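Reader: I am new to this structure and would like a close look at one part of it, the sheet. Please take me through it step by step.

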Amino acid sequence: VFKYLRTTYPKHDIVIMGRQHALLNTSSYGVQAGKYTRYTIESIKNRPNKEFKDVYEIDEVMFKLCVFDDPDKVSGMLNDILDKFSDTFWAGRVAPFWIEINPIEISKGNALLRLMNKLDINKEDVYVFGDGENDLSMLEVGHSVAMGNALDSVKEKCEFVTLSNEEDGIAYNLIKDEDYTTNGIYKHKYYITAVVKNNEDVSEN
């Protein structure tokens, strides 16, 4: 897939998510990445990024490949990828400017099902929240809730649509307004979940 994308779309940045790094391959090695790529890799806090020239240089586990472009160009590129690789790879949009590609047998839905089987959890007791097409397999498992900022292709597949991730949409959907306390903690007989506002944890302990 990498070789095909590098040849067919030579001007595009490619990011491979590895276990330790976000691995960046720009259209010309050493050239600054495009704005959508920079925005994404700068938002990844749990792994530093570094450049690579060829996949054979990578010496860590790789689990997905990402391509970035203007939203009006992404659809055509996605269709091309699916035409060529849909038998072995899944591809979809995480955001309007972001395509994600991974082996077809690997999905959030499969991971969630394995966890539910291990813990003996029924589908009726599961609520799943998502915003990108990479969440669709997972959203099919339980009660599906699209975030307010979700892609339209995600919203149309879900039972419910809540507020955006910037508006505490998960907590809003799970509990009633009267359960929201002034110190920012939501309380329910089954759980307590802290609300994070402006990147600060407002929970106590």
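Author: Helices (H or I, at least four residues) and strands (E, at least two) are DSSP runs, numbered from the N terminus. On that basis the secondary structure of the protein chain comes to 7 helices and 13 strands. The model is a predicted one: local features need pLDDT of at least 70, side-chain atom pairs count only at pLDDT 80 or more, and totals for chains, interfaces and linings use all residues. Residues are numbered from 1 along each chain as its sequence is written, and side-chain values use heavy atoms, with hydrogens and water left out.

Now the sheet. Two strands pair if DSSP finds at least two bridges between them. The sheet is open and has 6 strands, in the order β3-β2-β1-β4-β6-β5, with mixed pairing. The edges are taken by β3 (49-51) and β5 (89-95); each has a single partner strand, so one side of each is left without a neighbour in the sheet. On average, neighbouring strands of this sheet are turned by 25° against each other, direction ignored. For such angles, axes are lines fitted to C-alpha atoms, for helices over the stretch in contact, and angles run from 0 to 180 degrees between N-to-C directions.

Strand β1 (residues 14-18) pairs with strand β4 (residues 62-68) in the antiparallel sense, over 5 bridges. Within this pairing, Ile14 has Val67 of β4 as its bridge partner. A helix also belongs to the picture: α3 (residues 71-85) packs on the sheet and touches β4, β5 and β6 (98-103). Contact here means heavy atoms within 4.5 Å. The direction of α3 makes about 165° with that of β5.

At the β5 end of the order, β5 and β6 pair in the antiparallel sense over 6 bridges. These two strands form a hairpin with 2 residues between them. The bridge partner of Ala95 in β6 is Trp98. As a general point, in a regular strand the side chains alternate between the two faces of the sheet.

Some figures for the protein chain give the setting. Of its 205 residues, 40% count as buried, where buried means under 20% relative accessible area, exposed over 50%, and partly exposed in between (1.4 Å probe, protein chains only). Among contacts between residues at least 6 apart in sequence, 44% join residues at least 24 apart.
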